[in-house]
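Please consult the sequence and the coordinates alongside the text.

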Amino acid sequence: MEMKAEKAKVLHTDVVIVGGGPAGLAAAVQLYDEGITDLLILEREHALGGILKQCIHDGFGLTRFGESLSGPEYAARFIKEVEKRKIPYVTDTTVINVTPDHEVQAAHESGMIIAKAKAVVLTMGCRERTRGALAIPGTRPAGVITAGVAQAYINLQNRMPGKEVVILGSGDIGLIMARRLTLEGAHVIGVYEINPIPSGLPRNIEQCLHDYDIPLHLGYTVSDIKGTDRVTSVVVSKVDKKLQVIEGTEEEIPCDTLVLSVGLIPENELTLGAGAVLTPATSGAIVDEYFETTVPGIFAAGNVLHVHDLVDFVSLEAEAMARGIKRYLEGSRYEAVIDVKTGRNVGHTVPQKLTGKEDVTLSLRVRGPQKNAKITVRQGNHVVAQKLVKNALPANMIELPIKSNQIIGTASLEVSVDE
């Protein structure tokens, strides 16, 4: 149920959800079904759905709905459920501040909205890493864009970003755009990845590159951009084990477009403003198994917490968070006193703290690829949980269930991949 914002209106509600993408929508529906019906969704864009609106390829929903859907179809299912429950939402609204005492301040064309809530949900998603973050040398011509912007140009605005394209980075959106650009008549010269292994999902490497004969060059980066008004060429170079450019390996490639697919950064400026502690491992907040941050009553889920490879996991995580919020509002939670630490070949885990009173599923990624990886959770010498993964890749998020009755006391847990 779309609401019209009124100038300087102060709203009182149980839960304010910041962001109407897949995580925010799933959280809202689950909260409503849990009996928490006094909700408000605030969305920056003109319509709900988040990034899914521009993801017209299929492959969404296999885990959550048991069928393959496009991004807009996946979003539409949750939007329909929000509308059916008449959950209030306001679009074209930018949240500019969240305070530790749960006041959400937002700007709308009609004026300021101030919402005071019992709990706040942070589901702002990610932004893309740009050329400025990479500090690529060269001129500053038109034609250097991120993969998500290229996707929005083609799928939402029906505009071609270029004809002769070089893609830097092998993130999933970049791989999908390599295929999309090819289908629209562009020539994708190649995908260049600085690391020795691709960062995208194996299925996207196969379906988007191999099926269309698009070359993938590992251990390369763009070391120069040339052109005055428009990109005329880029220089690619090999890199060493420290990811530094190797002199003498430069190759100039004529092109009119450079597409960057070099990673996503969780949008956590509001999280920091609210006083929550972030972890460098995920660039997201530290949370417990209820998905509560270090600030009581402020929760986070989805890509704002850690980058997911599948939107289905975003929805499932947001639904689990909603159940945690219900417990918070009822006052039936436990204090998280057990730290979850990372050991050999584990990059990060979510959550990072546990109460030890609830069954929980850890989400984690390995640092480097490993065959037949035995992932073990230990509490001292006690083995809490184990899982064998035949082909563990950094691109794939791994889910590891932990039973609360296997946790002994309050000593920290360590998650590692056995040698």
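Five residues of domain 2 are in contact with five residues of domain 3, contact meaning heavy atoms within 4.5 Å. The C-alpha centres of domain 2 and domain 3 are separated by 35 Å. The domain assignment places domain 1 at 8-126 + 262-332, domain 2 at 129-261 and domain 3 at 334-418; such bounds come from an automatic or database domain assignment. An unreviewed UniProt entry lists residues 14-305 as "domain: FAD/NAD(P)-binding"; UniProt positions follow the numbering used here, feature names are shortened, and annotations may be inferred rather than shown by experiment. Within the span 14-305, 23% is helix and 29% is strand, and the end C-alpha atoms lie 22 Å apart. Helices (H or I, at least four residues) and strands (E, at least two) are DSSP runs, numbered from the N terminus.

The model is predicted, with local features needing pLDDT of at least 70 and side-chain atom pairs counting only at pLDDT 80 or more, while totals for chains, interfaces and linings use all residues. Residues are numbered from 1 along each chain as its sequence is written, and side-chain values use heavy atoms, with hydrogens and water left out.

Glu292 counts as buried because its relative accessibility is 4%, whereas Arg333, at 28%, counts as partly exposed; buried means under 20% relative accessible area, exposed over 50%, and partly exposed in between (1.4 Å probe, protein chains only).

Asp288 sits in the loop between strand E18 (284-285) and strand E19 (298-300). A polar atom of the Asp288 side chain lies 3.1 Å from the backbone nitrogen of Glu292. Beyond its neighbours within four places in sequence, Asp288 is in contact with Arg333, Ala336, Pro351 and Lys353.

Asp418 is located in strand E27 (residues 413-418). Its side chain forms a salt bridge with that of Arg378 (3.2 Å, N to O). The two residues are 40 apart and connect distant parts of the chain, with Arg378 in strand E24 (residues 370-379) and Asp418 in strand E27. Arg378 is partly exposed, having a relative accessible area of 28%. The side chain of Asp418 also makes a polar contact of 2.9 Å with the side chain of Thr376; a polar contact is a pair of N or O atoms within 3.5 Å, where within protein one must be able to donate a hydrogen and the other to accept it, and residues adjacent in sequence count only if both atoms are side-chain atoms.

Definitions and conventions:
Salt bridge = Lys/Arg side-chain N within 4 Å of Asp/Glu carboxyl O.
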